[in-house]
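User: Hey, I'm new to this one. Can you walk me through it?

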Amino acid sequence: IVSTFNNYNDLYPDWTQTEVSTGTSIMAVEFEGGVVIGADSRTTTGAYIANRVTDKLTPIHERIFCCRSGSAADTQAIADAVTYQLGFHSIELDEAPLVQTAASLFRDMCYRYREELMAGIIVAGWDPRRGGQVYTVPVGGMMTRQPVSVGGSGSSYIYGYVDSNYRAGMSKEECLKFTAEALTLAMERDGSSGGVVRLAVISEQGVERQVILGNQLPKFSTV
Amino acid sequence: MATVSVCQYHRGGFSFENCKRNALLEADINKLGFSSPAARKTGTTICGVVYKDGVVLGADTRATEGMVVADKNCSKIHYISPNVYCCGAGTAADTEMTTQIISSNLELHSLSTGRLPRVATANRMLKQMLFRYQGYIGAALVLGGVDSTGPQLYSIYPHGSTDKLPYVTMGSGSLAAMAVFEDRYRPNMEEEEAKRLVRDAIAAGIFNDLGSGSNIDLCVITKGKVDYLRPHDVANKKGVREDKINGRPETGNYRYKHGTTGVLTKAVTPLNLEVVEESVQTMDTS
């Protein structure tokens with residue numbers, strides 16, 4: 001989405017007037033006992049990187065996270081609204097909310113306001129009833145559960161890698177390695193993705209977060 | 001859950017009332033042959049940095065109307081609450097009014113809670129308002145302050161997205177300022193070093209960006225104390241005119257000393273004129 005207000009000759013460069021977008025590469029993988037989620041850390045306004053250390057893995061509840069892609073303002077506003085709704089619902093229930101409930105809340109908002117919003121969201125977490133789950137809510141407001149899901153502008157470049165390298169029944173460590181490598185490849189090719197790789201593992205034990213800095217990213221053949 | 005607010009928000013979505021009025025006015029003005037006034041923008045370089053004891057906010061002081069400087073010394077660091085200040089870039093009216101509205105509501109909120117307001121609260125209020133107006137309020141803000149949770153710095157974009165970072169820059173001069181920050185920022189700086197860094201970042205914007213200029217204002221916020229340094233640095237002093245008599249500037253005197261221009265030849269032709277009529281009319285200078 002591009003919005004320009006007042007093209008004042010060249011006094012105000014283009015990047016001061018375009019909307020902030022999380023160009024993005026995001027990913028989530030289910031494993032036995034939880035989920036692994038990952039994202040890059042770049043937010044752009046046009047060609048300028050507004051934030052090179054963005055955290056796109058946003059907590060919605062204790063063991064439910066969402067990965068945000070698309071318009072930064074839209075996804076932040078949606079995530080804040082869903083966090084409130086889910087927190088209220090969880091207090092009413094006096095129970096940990098289901099990941100499916102969180103995903104449904106996202107879907108309801110993204111579908112209802114689909115004309116006004118530009119948001120591609122992956123909801124992932126762990127709940128006591130169904131364990132680790134990944135639900136994807138792309139632009140347009142559809143919602144579906146997937147064992148592995150990628151999103152954002154960088155995802156186009158890694159569908160082949162993900163489809164060929166994913167196996168059901170991977171361990172936590174294998175999932176972490178798989179996610180880190182996939183995101184690295186996406187960041188390498190997509191101009192709107194970059195910075196560091198943020199990873200999180202959500203399971204019954206809680207949430208473990210880690211950051212892989214630029215120089216520590218996995219290396220592939222340099223062409 | 002009643003919230004005490006000064007301004008009554010519209011229920012549901014954007015209010016288009018003023019858009020209709022503006023369109024009618026625009027049409028009327030164009031019919032008469034005039035063009036509607038351009039919105040005054042603060043071209044701007046604004047920035048902020050978190051240091052050991054708090055935050056330092058900085059801003060230039062130029063406000064532009066198209067390609068003309070409308071205000072050579074405008075104040076871009078706005079008061080939000082005793083412990084929170086906000087720099088504003090973008091449309092000057094938007095930044096001014098937005099910060100005033102949130103400042104007002106935050107004061108009421110603070111009286112209601114009985115506590116000093118938090119920076120995160122101001123951030124929430126600002127982002128939710130700007131998101132509601134879908135980017136039509138052209139306010140790009142750098143919000144900084146110190147509260148019970150510690151020093152915090154946020155950058156807020158016109159569409160309502162925010163970033164919480166240790167150093168931020170906004171405005172047309174933000175790239176120049178960010179270059180300075182990326183080179184010299186360190187975590188947990190001392191106050192003097194932080195002030196020098198912010199001053200240099202704004203100076204980079206002033207001297208390398210056409211939309212920014214004039215002086216450098218600084219605002220140092222620590223726990224329990226705010227230093228509003230306006231101006232902190234007069235980076236662009238107005239020159240003194242050459243033509244002075246006895247130290248007093250003599251306006252409109254463009255005389256040059258005899259001999260400034262060399263005379264090559266001189267030819268004098270006397271004109272024999274007869275005075276026909278002479279009358280004096282006194283001017284009414286009362």
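Predicted model: local features only at pLDDT ≥ 70, side-chain atom pairs only at ≥ 80, totals over all residues.

User: Okay, chain B then. How many helices and strands does chain B have?

Analyst: Chain B has five helices and 15 strands.

User: And what share of its residues is buried?

Analyst: Of the 286 residues in chain B, 41% are buried. As for contacts in chain B between residues at least 6 apart in sequence, 60% of them join residues at least 24 apart.

User: Which residue does UniProt list for "active site"?

Analyst: UniProt lists B:Thr44, and the entry is an unreviewed one. An annotation like that may be inferred rather than shown by experiment.

User: Where does B:Thr44 lie?

Analyst: In chain B, B:Thr44 lies in the loop between β1 (41–42) and β2 (46–50).

User: Is B:Thr44 buried or exposed?

Analyst: B:Thr44 counts as buried, because its relative accessibility is 0% and the cut-off for buried is under 20%.

User: What does B:Thr44 touch?

Analyst: Leaving out residues up to four places away in sequence, B:Thr44 touches a list that includes B:Asp60, B:Lys76, B:Met170, B:Ser172 and B:Asp209. B:Met170 is also part of strand β11 (residues 167–170) of chain B.

User: In which sense do β2(B) and β11(B) pair?

Analyst: β2(B) and β11(B) pair in the antiparallel sense, over four bridges. In that pairing, B:Ile46 stands opposite B:Met170 of β11(B).

User: Switching topic: how much space lies in the second largest pocket?

Analyst: About 580 Å³. The second largest pocket is lined by 22 residues, and the closest to its centre are A:Gln76, B:Lys127, B:Tyr154, B:Thr162 and B:Lys164.

User: Which elements give two or more residues to that lining?

Analyst: From chain A there are β6 (57–61) and α1 (72–93), and from chain B there are α3 (119–132) and β10 (162–164). By class, the lining of the second largest pocket has eight charged, seven polar and seven nonpolar residues.

User: What about cavities, how many are there of 30 Å³ or more?

Analyst: The count comes to two cavities of 30 Å³ or more. The second largest cavity has a volume of about 40 Å³.

User: Which residues line the second largest cavity?

Analyst: The lining is A:Cys110, A:Arg114, A:Leu117, A:Ala119, A:Val139 and A:Gly140. Those divide into four nonpolar, one polar and one charged.

User: Back to chain B: where is B:Lys195, and is it buried or exposed?

Analyst: B:Lys195 is in helix α5 (residues 191–208) of chain B. B:Lys195 counts as buried because its relative accessibility is 13%.

User: What is B:Lys195 in contact with?

Analyst: Apart from neighbours within four places in sequence, B:Lys195 is in contact with B:Val56, B:Leu218, B:Val220, B:Leu229 and B:His232.

User: Last one: where's B:Val268?

Analyst: B:Val268 is in the segment after β15 (248–249) of chain B. At 70% relative accessibility, B:Val268 counts as exposed. B:Val268 and B:Asp227 are 41 residues apart along the chain, and their C-alpha atoms are separated by 70 Å.

How values were computed: Residues numbered from 1 in each chain as written. Chains lettered and ligands numbered in written order. Heavy atoms only, no water. Buried < 20%, exposed > 50% of the residue type's maximum accessible area, 1.4 Å probe, protein only. Contact = heavy atoms within 4.5 Å. Pairing = 2+ DSSP bridges. 1 Å grid on protein atoms, 1.4 Å probe; cavity = no way out; pocket = protein on both sides within 12 Å on 5 of 7 lines; lining within 4 Å. Points joined across faces, edges and corners; volume = space filled by probe spheres on them. Nonpolar A, V, L, I, M, F, W, Y, C, P; charged D, E, K, R; others polar.
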